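Dear colleague,

Please find below the structure that I am handing over to you, followed by an account of what was found in it. I would ask you to keep the model open while you read.

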Amino acid sequence: TALDLPNLVELEGDERLVFEHDQIYSDRLQSCEEATNLLKSLAFKMQEFENEKDDSGVLKSQLKGYIIWSCVQILGRPLSYFNVCETDKGNATTAKVICDQLISLLNQLCPDQIKLIDLQDFCLYYNCPKVLDSDRDIWAVGMGNLFHCQFSNIDPNFPLCYAPFHLFSVLLNSMIQMLNYHSDTDTTTPAPYFRQEKSLYLCKTLLSRLHVNSIPADVLEMEEQSLLCSKLYQIIIYHGLQSVRKLAYEVYNQYFDVFGGNNPKALTMLVKFSLEKANHSGLIGHAIGKLKNGILFYIRDPASYPPEKLCGTQLQSLVKRFCALKNGAETDLLEVSDEIMASLNFLVCILLRDRNNTLGLLEIVPQIEIDFLKPLNAGLAMSQAHYKLKLDESKNDSNNHHDGADVSLMVGGKALPQMSQHQMKEVVHSALNTFSMMECVLCQLNDVISSKKAVK
């Protein structure tokens, strides 16, 4: 674990095979290969001592423990940072071959590797010394890499008798550790995108094995669950690789469906957490859409839902949280366009489908009109006027032969990158189209509200 690792460039697909020809990368893999061969030799020698007298069995247990410890440490660092995928032609990378050898050795020493996940239990069982916090982190990453590789194989070599939710729970800390970013000042650690990608694939596999009815109602009260969501938000928004961002979104969407699919309490907790922590209009809009789908399911079949129904004061309080503009009519509508569109579509859909006001949303419509719809209407008028003015200014600049001059726009209080007149026109037209779509759905919502009032 003391090896200095190469800071790998973020590459996609088979482009990553170029690392096999990087000198530092190859040297580190060679060190891993030599250490793996040494561990295999030790394990073979250990079998020769199986028949020797050892009344307490302590020495044999310790030796086995140290070999397992070393295998997991190598899987944690450096192999979690290296490419362990197969090529399109089915050829394994060098790191993948080494991982498979280490896993094969672990299968011999401890067939039930679920028992290895908790480091404290491992140390007690194999009489290993007290561990440091840094050892815990590397161990967690090593276990995550181990199970990622195990599930990548057609036939995982560990007992599959464990409940899928138990397996997800015990590996949750490993997945969180693997998703971590390193600080910019940490020059000894390479870019963690291979490690993060392994964690996402492992999480996706474990989620696919879960059934919505097997999830406890209060599971999202665990701190680790909210921490996993926060890590996924971070990667979806900020990660440099598009493929990793997309994979993180797939996992997050799958997580939402599994944990909130048939559990109103968990669904509302996920939506609340998104409103508080996501800090991204697209993710907040996604959560509002999931809430809408959950309510539609409840409307179609109320009897099939658990006792905590999506209706009444709890739902009203939640809807009022996202049906509001933070800065009133002066809110930057382009910055929060996704959540506004999701909120408007939510209201149109639910008010139309809930003919008998079973959910009780009609009771808060007057407040929504004051806090959300009227400021939104005023904000749309101001935003459209502002961007039309920008468009007129652009036309004047073009007429004055300043076509090549760079211009700038502000969104969310931040300046967009410098752009040409042509690029600026495209951005402005896109913004005006967004405002037009908002206006269209807003008009539809006003019609729905008017018809509801007429019926009353």
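Ser80 touches Leu75, Val141, Asn145, Phe194, Arg195 and Lys198, not counting residues up to four places away in sequence; contact here means heavy atoms within 4.5 Å. Before going further, please note that this is a predicted model, in which local features need pLDDT of at least 70 and side-chain atom pairs count only at pLDDT 80 or more, while totals for chains, interfaces and linings use all residues. Residues are numbered from 1 along each chain as its sequence is written, and side-chain values use heavy atoms, with hydrogens and water left out.

Ser80 is placed in the loop between helix H2 (58-76) and H3. Helices (H or I, at least four residues) and strands (E, at least two) are DSSP runs, numbered from the N terminus. Is Ser80 buried or exposed? Ser80 counts as buried, because its relative accessibility is 0%. The term buried means under 20% relative accessible area, exposed means over 50%, and partly exposed covers the range in between (1.4 Å probe, protein chains only).

The side chain of Ser80 has a polar atom 2.5 Å from the backbone oxygen of Gly76. This is a polar contact, that is, a pair of N or O atoms within 3.5 Å; within protein, one must be able to donate a hydrogen and the other to accept it, and residues adjacent in sequence count only if both atoms are side-chain atoms. Ser80 and Met143 are 63 residues apart in sequence, and their C-alpha atoms are 9.9 Å apart in space.

The loop between H2 and H3 also holds Pro78. A cis peptide bond, with omega of about 25°, joins Arg77 and Pro78.

Arg195, one of the residues that Ser80 touches, belongs to helix H8 (residues 193-208). Arg195 counts as buried because its relative accessibility is 2%. A polar atom of the Arg195 side chain lies 2.7 Å from the backbone oxygen of Met178.

Two further buried loop residues

Asp112 lies in the loop between helix H3 (94-109) and helix H4 (119-125). With a relative accessibility of 14%, Asp112 counts as buried. Which residues is Asp112 in contact with, leaving aside its neighbours within four places in sequence? They are Pro159 and Tyr162. The side chains of Asp112 and Tyr162 are joined by a polar contact of 2.6 Å.

Leu333 is found in the loop between helix H13 (312-322) and helix H14 (337-353). Its relative accessibility is 0%, so Leu333 counts as buried. Leaving aside neighbours within four places in sequence, Leu333 is in contact with Leu325, Ile340, Leu376, Gly379, Leu380, Ser383, Phe435 and Met438. Phe435 is 102 residues from Leu333 along the chain, and the C-alpha atoms of the two are separated by 8.1 Å.

A pair of helices

Helix H9 (residues 223-238) and helix H10 (residues 242-260) have axes that come within 8 Å and cross at roughly 150°. Axes are lines fitted to C-alpha atoms, for helices over the stretch in contact, and angles run from 0 to 180 degrees between N-to-C directions. In this contact, Gln225, Leu228, Cys229, Leu232, Tyr233, Ile235 and Ile236 of H9 meet Val244, Arg245, Ala248, Tyr249, Val251, Tyr252, Tyr255 and Phe259 of H10. The residues of the contact divide into 13 nonpolar, 1 polar and 1 charged. Ala, Val, Leu, Ile, Met, Phe, Trp, Tyr, Cys and Pro count as nonpolar, Asp, Glu, Lys and Arg as charged, and the others, Gly among them, as polar.

Two asparagines with positive phi

Phi of Asn279 is near 55°, a positive value in a residue other than glycine. Asn279 lies in the loop between helix H11 (264-277) and helix H12 (281-300), and counts as exposed at 65% relative accessibility. For Asn357, phi is likewise positive and near 55°. Asn357 is found in the loop between H14 and helix H15 (365-399), and is partly exposed, with a relative accessible area of 23%.

The protein overall

The protein contains 16 helices and 2 strands. Of its 456 residues, 47% count as buried. Among contacts between residues at least 6 apart in sequence, 74% join residues at least 24 apart.
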